There are 2 protein chains.
Amino acid sequence: MTKKTTAPKFERIAPDARRARLIEASIACLAKGGIQGFTVDNICHEAGTSRGLITHHFGSKNALLAAVYASIYGKALEKLTRSDTAPQSIDELVDMIFGDSFLSREYLNVWLALWGEIAVNPALQVEHRKNYALYREHIARAISAFARSRGATVDSYDVATILISLVDGLWLEQCIDQSLLSLDRAKDLCRRTLAAVLAPQPARRPT
Amino acid sequence: MTKKTTAPKFERIAPDARRARLIEASIACLAKGGIQGFTVDNICHEAGTSRGLITHHFGSKNALLAAVYASIYGKALEKLTRSDTAPQSIDELVDMIFGDSFLSREYLNVWLALWGEIAVNPALQVEHRKNYALYREHIARAISAFARSRGATVDSYDVATILISLVDGLWLEQCIDQSLLSLDRAKDLCRRTLAAVLAPQPARRPT
DNA sequence: CTCACTGTTGTACGGTTGTATAGTAAAACG
DNA sequence: CGTTTTACTATACAACCGTACAACAGTGAG
C-alpha cells in the first residue's frame with residue numbers, strides 16, 4: 001500500500017499574496033455586477049477561497065473595498081508617473097491617458113462603485129484627494145511643456161483639470177453606450193480640444 | 001353622539017399619482033444610499049406606503065428603476081428643450097446646463113446608479129440613446145449659432161459632444177470632492193474651453 | 001518528531017432582500 | 001343600498017446578506 005499522500009485540502013499562501021488575490025477577485029465582481037455584485041459570497045467564490053478569509057485578512061468587507069480603491073489608483077498612478085514615459089506631444093499624452101488599462105470598459109462598474117463610495121466615505125476621500133493631486137500634477141507638467149513650446153500662456157493646472165474631466169466624461173459616455181461614441185473618436189475630440197485650448201491667444205477680431 | 005367617522009385606514013389615490021410618488025421616493029433613496037439604498041423597504045417607507053405597492057404598480061423593482069430613469073431624463077429634457085429658453089451666449093448655455101436641478105450634488109448617487117444600470121439593461125440603453133440624441137441635438141443647435149456668429153467652422157455635433165462630456169466630467173469631480181473644484185470654477189473652465197474651441201482658426205504661427 | 005502559530009475552512013446566526021399572495025377596504029357604478 | 005372593482009395592506013417565504021467563531025490543517029522553529 002502506498003503512502004497516503006493526501007492532497008492538501010487548501011492552498012496556504014502568504015497573507016500579501018492572498019490579499020492581492022482577494023482584491024483581484026473583488027475587481028472582477030465589481031466589474032461584473034457593480035456594487036451589488038460586491039458580496040462576500042461572490043468575491044470568495046471568484047477568488048476560490050472560503051467565506052471566512054475576507055474578515056480574516058481585511059477585517060470587514062468595507063475595508064476590502066478601500067483596499068481595492070488603493071490598489072487600482074495606485075497601479076494607475078505608478079504606471080503613469082514612471083519618469084521614462086513623459087509624453088512628448090498632445091497625441092502621446094492623450095494616448096497615454098486613454099491607454100490606461102483601468103479605463104477599459106469593463107472597469108465602468110468598478111469606477112462607478114468607487115466614485116459613489118468616495119463621495120461618502122471619508123477615508124476614501126482623503127486617499128482620493130492625494131491621488132488626484134498627484135495625477136493632475138503629472139499631467140499639468142506635461143501640459144506646461146506643450147504650452148511653452150507653443151507660446152501659449154495658460155494655467156497648466158486649469159488645463160489639466162479640463163483634460164482630466166473631458167477624458168472622464170468622454171470615457172463615461174463611451175462606456176455607457178458605445179454606439180454613440182467610439183474610443184477613437186473620443187480620443188480625437190480630446191486632442192482637438194486640447195489643441196484649441198493651447199492655441200496662442202488669437203488677436204481680438206477687428207469686427 | 002356623532003356618527004362614527006372612522007378615519008380611513010389608507011389613502012387611495014390615482015395610480016398615476018401613486019406611481020409618481022413612488023418614483024419620487026425612489027430618487028430620494030438613491031440619492032441617500034445609491035443603488036444599495038434602493039430597496040423595497042426603503043422606498044416604501046419613504047413613500048409612506050406598504051411594501052406591496054411596488055409590485056402592484058410597477059411589476060418589479062427593476063421596472064421601477066427604469067421608470068425612475070425615464071422620469072428624471074424626461075424632466076431634464078423637457079426643461080432644457082423648451083423653445084423659449086434658447087441660450088443666446090456661451091455663458092447662458094453653460095449656466096443653463098449646470099443650472100439643471102438634476103445636476104445638483106445630491107443626485108450624484110442617482111446618476112451613478114443609473115449609469116451603471118444603463119450599461120447593463122438593454123431597455124434603459126434604448127431609452128438613453130433616444131434621450132441623449134435629443135439632448136445633444138439641442139445643444140448642437142445652440143453651438144451652431146455661436147460658431148456662425150464667430151466665423152468658426154466646426155462640426156456642431158462634435159463640439160456638443162465635447163461640451164456634454166466636459167460638463168459630465170467636471171460635475172463628477174466636483175461632486176466627488178468639492179474641495180478640489182468649486183462649481184463656479186467648473187463653469188469657468190467650461191466657458192473657456194468652449195470659447196477656445198469656437199475660436200476662429202488661428203493662422204499658423206509663422207514659426 | 002513535537003509544538004506553537006496562523007492561514008483556512010465551514011457553519012451558525014440574526015437580519016434583510018424581492019416577490020407572491022391572501023385578505024381588507026375604499027371608491028365607482030347601478 | 002348592494003355589488004363589483006381594484007388600490008392597498010400585511011404577512012409569509014426562500015434566498016441571500018455580512019460577520020463571528022470554533023475547529024482544522026499546513027508550516028516553520030526547536
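I began with the surface near DNA strand D in this predicted model: its residues divide into 7 nonpolar, 9 polar and 9 charged. Here Ala, Val, Leu, Ile, Met, Phe, Trp, Tyr, Cys and Pro count as nonpolar, Asp, Glu, Lys and Arg as charged, and the others, Gly among them, as polar.

Residues are numbered from 1 along each chain as its sequence is written, while chains are lettered from A and ligands numbered from 1 in the order in which they are written. Local features need pLDDT of at least 70 and side-chain atom pairs count only at pLDDT 80 or more, but totals for chains, interfaces and linings use all residues.

Helices H2 (40-47) and H4 (61-80) of chain A and helices H1 (15-37) and H3 (53-58) of chain B each give two or more residues; helices are DSSP runs of H or I, at least four residues, numbered from the N terminus.

Last, I checked H4(B). Leu64(B), Leu65(B), Val68(B), Tyr69(B), Ile72(B) and Tyr73(B) are buried (20 or more other C-beta atoms within 10 Å of their own, C-beta atoms being placed from the backbone). The face turned away from the buried side carries Gly74(B) and Glu78(B), both exposed (12 or fewer).
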